[in-house]
Amino acid sequence: FKIDEVIKDKKLIEKWQYLPLDTKFFKDLESDIIALFDDLDNQLDGWLIHSENYQALNTIKYKFYKKVDTVYIDPPYNAPASEIIYVNDYKHSSWLTLMENRISLTKSFIKPDGVFECAIDENEQENLGKLLSTQFPEQDKVCVSIVHNPAGVQGDNFSYSHEYCYFVYKKNDKII
């Protein structure tokens, strides 16, 4: 299709108005597509960033400083089935370093009354809790279990049907 046809044919615009479009496939049309929007940032109702998470966070840190109501992350759990490849034998400390780097960037996005959420399984749940306490010393922190697999996953001695989610939020009487 040609961009002029999209602009002229209102039915075509209505038909595709919610179609996601990756401009990397239309390099010759990218500026024409972006020019269709008067204020692109205010017309977006969400962002999708395809990137390595640490780099993505560094890219958007100034734009979203103290503007985000809720951050939810679902990191690698350091489970035996999906372990991160490590250069040394410090598996827990390497995982914690990975998490500390990302959490320290992410917390700058959250509004003063915003909420930080992090899903985790039993492999690093305790370590993550300690890390969050050091990263958010002035905030309240609660960890809840969330049933995600009623059939369960067999552990060494116990089957697990749940994971955990930490919620970190401003100390107050507000019910979340």
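**View 1. The exposed face of α7.** Glu126, Lys130 and Thr134 are exposed residues on the face of α7 that is turned away from its buried side. The model shown here and in the other views is predicted.

**View 2. The buried side of α7.** Leu128, Gly129, Leu131, Leu132 and Gln135 are the buried residues of this helix. They lie on the same side of α7 because they cover an arc of only 165° around the axis. An α-helix has 3.6 residues a turn, so residues three or four places apart point the same way. Among the elements that cover the buried residues of α7 are α6 (91-106), β2, β3 and β6 (162-170).

**View 3. The aromatic pair Phe116 and Phe136.** A search of the whole structure finds one aromatic pair. Phe116 and Phe136 form this pair, with 5.2 Å from centre to centre and 35° between the planes.

**View 4. The surroundings of the two rings.** Phe116 has a relative accessibility of 1%, so Phe116 counts as buried. Phe136 is also buried, with a relative accessible area of 9%. The charged end of Lys107 sits over the ring of Phe136, at 5.8 Å from the centre of that ring.

Technical notes. Residues numbered from 1 in each chain as written. Predicted model: local features only at pLDDT ≥ 70, side-chain atom pairs only at ≥ 80, totals over all residues. Heavy atoms only, no water. Phe/Tyr/Trp six-rings, centres within 6.5 Å; stacked < 30°, edge-to-face > 60°. Buried < 20%, exposed > 50% of the residue type's maximum accessible area, 1.4 Å probe, protein only. Lys NZ or Arg CZ within 6 Å of the ring centre and 35° of its normal. Helix = DSSP H or I, 4+ residues; strand = E, 2+ residues; numbered from the N terminus. Arc of directions from axis to C-beta. Contact = heavy atoms within 4.5 Å.
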